[in-house]
Amino acid sequence: MTHSPQAALRGEPSYVWRAGQERRLKMIKDLAGLENPRGLKILENGCGVGMYIGKLKQFTPFVFGLEYESDRAVEAGKLNPLSLVVCGAGEHLPYSNESFDVILSNEVIEHVQDDALCIQEMVRALKPNGR
């Protein structure tokens, strides 16, 4: 995997899992209640090349990815062949209302065109009270 020519504009995903990502995953696990996931549906909004998708699948098989960069979405799908990864924008999530128990959007909001709309979309696609 190589750096994207759009890196300066849209940021660069994690290509290697490091201690910082492990710390974030622990915080996500603790805050999202992934100790006892009971079939939770998780969306990684802005999944890059899919590093977190693979790690989140240890908690539930229902992990989905959304990525704006088509090349990265393809890479995320290859890295996580049993997860549905789609190419799309966070401001227009291609999911029904109240589809997910957890939505992770890590280092994404500063790269979208309309941050308020992106947040509204995540709220719309999130189940009330996260369940």
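In strand 2, V63 is the bridge partner of I42. The model is predicted. Five salt bridges are counted in the model. Three of the topics below centre on side chains: a nonpolar patch, a salt bridge from E107 to R24, and the contacts of L117.

- Strand 1 (residues 42-45) and strand 2 (residues 63-67) run parallel and are joined by four bridges.
- In general, strands of a sheet pair through backbone hydrogen bonds, either parallel or antiparallel.

**Side chains of strand 1**

- In a regular strand, side chains alternate between the two faces of the sheet.
- I42 and E44 point one way from strand 1. L43 and N45 point the other way.
- All of these residues are buried.

**Positive phi angles**

- Most residues other than glycine have a negative phi.
- E98 is not a glycine, yet has a positive phi of about 55°. E98 sits in the loop between strand 3 and strand 4.
- E98 has a relative accessible area of 45%, so it counts as partly exposed.
- E107 also is not a glycine and has a positive phi of about 55°. Its place is the loop between strand 4 and helix 5.
- The relative accessibility of E107 is 48%, so E107 counts as partly exposed.

**Salt bridge across the chain: E107 and R24**

- E107 forms a salt bridge with R24. The closest N and O atoms are 2.7 Å apart.
- R24 belongs to helix 2 (residues 19-32), while E107 is in the loop between strand 4 and helix 5. The pair therefore ties together parts that are 83 residues apart in sequence.
- R24 is partly exposed, with a relative accessible area of 29%.

- K26 forms a salt bridge with D30, with the closest N and O atoms 2.8 Å apart.
- The two residues are four apart in helix 2, so about one helical turn separates K26 and D30.
- K26 has 52% relative accessibility and counts as exposed. D30 has 44% and counts as partly exposed. The cut-off for exposed is over 50%.

- The side chains of E121 and R124 meet in a salt bridge, at 2.9 Å from N to O.
- E121 and R124 are three residues apart in helix 5, so they are separated by about one helical turn.
- E121 counts as buried, at 12% relative accessibility. R124 is partly exposed, with a relative accessible area of 23%.

**Nonpolar surface patch**

- I109, I119 and V123 make a nonpolar surface patch. Its area is about 250 Å².
- V123 lies in helix 5 (residues 115-125).
- V123 is exposed, with a relative accessible area of 57%.

- L117 lies in helix 5.
- L117 is partly exposed, with a relative accessible area of 25%.
- L117 touches E91 and H92, leaving aside residues up to four places away in sequence.
- The C-alpha atoms of L117 and G90 are separated by 8.2 Å. Along the chain, L117 and G90 are 27 residues apart.

Note on methods: Residues numbered from 1 in each chain as written. Predicted model: local features only at pLDDT ≥ 70, side-chain atom pairs only at ≥ 80, totals over all residues. Heavy atoms only, no water. Pairing = 2+ DSSP bridges. Patch = residues over 30% accessible without salt bridge, like charges linked within 9 Å, V, L, I, M, F, W, Y side chains within 5 Å. Areas by Shrake-Rupley, 256 points an atom, 1.4 Å probe, with all protein chains shown as cover. Salt bridge = Lys/Arg side-chain N within 4 Å of Asp/Glu carboxyl O. Buried < 20%, exposed > 50% of the residue type's maximum accessible area, 1.4 Å probe, protein only. Contact = heavy atoms within 4.5 Å.
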